[in-house]
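Subject: Structure for you to look at

Hello,

Here is the structure I promised to hand over. Please open it first, then read my notes below.

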Amino acid sequence: MGDFGWLFGWAKDNDIEIPIAYDGRADIQKLLELYNESKKSGKSKELNDKRNPLEKAYGFVDKKKKNSPDHIQHAREMGFKNQDDYERAAIDYWNKGEGEIFYGTKRGRYAKYNEKTSEYVVVDKDGTLRTYYKIPSNRFKKIKKQEGLEEWKK
């Protein structure tokens with residue numbers, strides 16, 4: 001069976017009670033049906049539209065994440081000399097940068113993408129940075145579909 005962590009995240013974000021099967025485990029099939037019904041009815045989108053957009057990002061969760069091989073590579077590719085500069089740039093981009101804001105229905109995270117500069121940042125609901133790098137628009141379109149990113153409408 002596949003990874004259904006995103007489905008539990010969706011249920012939590014939308015205050016959906018997890019259905020329980022006869023054996024006491026989560027009824028994944030029933031939960032998927034609830035998810036599909038909400039998508040068809042637009043109910044999930046209505047719930048997302050009622051959320052307040054994340055206002056501020058403050059940094060990576062911890063030093064280990066900040067200094068992960070992926071983040072070191074992203075920082076280098078973007079021309080930053082060290083991880084602190086990379087982190088500050090990610091915070092500044094989220095807080096003040098141009099770009100469209102999206103809400104990811106699969107993981108409950110926010111993203112911002114600027115097609116002109118190719119900057120892409122992902123932030124958790126609590127303001128924790130997940131990643132920051134540059135990607136071409138065709139790759140962003142794939143991520144958008146994969147993560148269930150919906151354009152944020154105030």
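There are 10 aromatic pairs in this predicted model. Take Y120 and Y133 as one example. Their ring centres lie 5.5 Å apart and their planes meet at 75°, so this pair counts as edge-to-face. An angle over 60 degrees is the cut-off for that class. The two residues come from distant parts of the chain, 13 residues apart. Y120 belongs to strand β4 (residues 119-123). Y133 belongs to strand β5 (residues 128-134). Both Y120 and Y133 are buried.

There is also an aromatic cluster to look at. F60, F80, Y86, Y93 and Y132 make it up.

Now the overall layout. The protein has seven helices and six strands. Along the sequence, they follow the pattern α-α-α-β-α-α-α-β-β-β-β-α-β.

How much of the protein is buried? Of its 154 residues, 41% are buried. The protein exposes about 9800 Å². Carbon and sulfur atoms supply 48% of that area.

One last point, on contacts. Consider those with a separation of 6 or more: 53% of them are between residues 24 or more positions apart.

Best wishes

Key
Residues numbered from 1 in each chain as written. Predicted model: local features only at pLDDT ≥ 70, side-chain atom pairs only at ≥ 80, totals over all residues. Heavy atoms only, no water. Phe/Tyr/Trp six-rings, centres within 6.5 Å; stacked < 30°, edge-to-face > 60°. Helix = DSSP H or I, 4+ residues; strand = E, 2+ residues; numbered from the N terminus. Buried < 20%, exposed > 50% of the residue type's maximum accessible area, 1.4 Å probe, protein only. Contact = heavy atoms within 4.5 Å. Areas by Shrake-Rupley, 256 points an atom, 1.4 Å probe, with all protein chains shown as cover.
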